[in-house]
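Here is a short walk through a structure for a reader who has not seen it before. Please keep the sequence and the 3D view at hand while reading.

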Amino acid sequence: MTGGPPALQVNGLSASYGPGRPALRGVTFSAAAGQAVAVLGPNGGGKTTLFRALLGELPVAGSVRYGGAPAYVPQTERSRLDFPVSALDVALMGAYARTPWYRRIAASDRALARRALLRVGLGERAAERFGALSGGQRQRVLVARALVQDARLLLLDEPFAGVDRASEDAIMGILDELRAEGRVLLIATHDIEQARDWDRVLCLRGEQIAYGPPAPTLTTEVLEATYGDEIVVLGDGERAVAVQHHAH
Amino acid sequence: MELLHSGLLQRALLELVILGAACGALGVWLLHLRHAYAAESLAHAMLPGLVLASLAGAPLLLGAGGGVIAAAALIALAARDTRVGSEVAVGVTVTTAFGLGAVLALAPDVPARLGELLFGDLLGASTQDLVAAGVLAALVAGALALGHRSLCAAVFDPAAAPSLGVRPQRVELALLALLAVATVAAVQGLGNLLVFALLVAPAAAAMRLGHSVRSQLVLAAALGAGAGVLGLAVSAEVDIAAGASVALAAVTLYALAALARPAASPRAAGRRRSPVEALGTPR
């Protein structure tokens, strides 16, 4: 399901962390129900800023329209691995927003969390401590939490970074199911080749460089404008690798 | 069994059990949120308020509350200067407040001696003090129970917490407010310096031993209350200061917990990834 009216509409979005120059500006794109959008850009290019703006954490200019609250799936190492919660505890966090502070989490939500863990292939590991799971398994638990949230818009921050092959396949399968259910996925990634598999790509470098279907959008010119000297174009120009420079 | 026959000791025992349980549970969240420094700072910063209340003949609880509010305002004011930063702001404010409190306490008109303000006067607890401590401790326990889910989300995953309906900054502010309440409740009995031990040591021990957040909270409350009972019993037996004895008991329980359960493995304890994991799976 990749057609139909926009389920996510962003017009002229600018976002800043304080007074002064915005960290991200001029972002305009739309996504139909069931579409997966790869968000590409260098470190500091605005991927996280875009997500935080869509989550309502930053002051924004422009307009953003979507149905319901989005779910955010962060990179697993940003979670506190020493905090003693089980995989089921983490999945249950997806029900926090709809549970009044004076009520216990509903039995139906507990059942939903167990089903979500089953769906990501971790039904038998529900009682295991989150920090003791592998990176890929932890990422799947965070996806299960997003399933419990039942959001129409999911923001995934590099969901395949540092995960094992089995987890990657499992996450990919779940994302395909979510698209089939008509949910919109925004997937921040550094993997240009993987981005070619999604429905749309959004290239950011402090501002929007390009947006559209991968094949006509990911040209050498667009990639160079997005990554600058962090891009290496291979062979006949049809393959490119983003080389991330990390500060030490 | 002198504890069970003396009215003074009975009140002290009850106050310690109540405060130890509340401070222990609160301490678990303080340590998970890495606010041990704030716990120590708030306790020290209230000294001028305690001394002024003592000079004015006002209840020490009132002075402690005023001292905490004044210190929080000063810290917030100093931290607004980005060149200074919050840690330096806390350090400067607390040192200033503690020094000011010590100078004021040396005045000849201060009824309560500096030693009592710093190290507490457990055996001087009146029934009114006991009721006040009980109410404040109940407030802390109730707030922790009602805010359990928000605290879990704020500690575990602050980046995603807003999408779960939780604002981590508000949660941290609320926890610091509870810390102020608990410190005010405990400072009269345990003193300005020793209250920190009851906030941190039982929690640290429980975090070594507990396998879930709930078990850590229950253990910390039990260890806090246990440290109170043990410390008071030792104090009565060998005739040493009760507050100091309680603090030493709390630290001893932590040492035993550390011996029973040495530090966790690097993988479970931190964010570090192995080099292989950090590289990811080649595509």
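In this predicted model, chain A contains an open sheet of 3 strands, arranged in the order β2-β1-β4 with antiparallel pairing. At its edges lie β2 (24-32) and β4 (60-66) of chain A, each of which pairs on one side only. From one strand to the next, the twist averages 5°. Strands of a sheet pair through backbone hydrogen bonds, and this can happen in a parallel or an antiparallel way.

Strand β1 of chain A, residues 6-15, is joined to β2(A) by 6 bridges, and the two run antiparallel. Within this pairing, A:Gln9 stands opposite A:Ser30 of β2(A).

The next topic is how the chains meet. Contacts link 33 residues of chain A with 31 residues of chain B. On the side of chain A that touches chain B, β5 (71-73), α5 (165-180) and α6 (192-195) of chain A each supply at least two residues. That side of chain A is made up of 18 nonpolar, 5 polar and 10 charged residues.

Chain B has a mean pLDDT of 82, with 87% of its residues at 70 or more. The pLDDT is below 50 over residues 266-283 of chain B, a stretch that has 28 contacts in the model beyond near neighbours in sequence. Where pLDDT is low, the predicted coordinates should not be read in detail.

Conventions:
Residues are numbered from 1 along each chain as its sequence is written. Chains are lettered from A and ligands numbered from 1 in the order in which they are written. This is a predicted model: local features need pLDDT of at least 70, side-chain atom pairs count only at pLDDT 80 or more; totals for chains, interfaces and linings use all residues. Two residues are in contact if their C-beta atoms, placed from the backbone, lie within 7 Å. Helices (H or I, at least four residues) and strands (E, at least two) are DSSP runs, numbered from the N terminus. Ala, Val, Leu, Ile, Met, Phe, Trp, Tyr, Cys and Pro count as nonpolar, Asp, Glu, Lys and Arg as charged, and the others, Gly among them, as polar. Two strands pair if DSSP finds at least two bridges between them. Axes are lines fitted to C-alpha atoms, for helices over the stretch in contact, and angles run from 0 to 180 degrees between N-to-C directions. pLDDT is the predictor's confidence in each residue, from 0 to 100.
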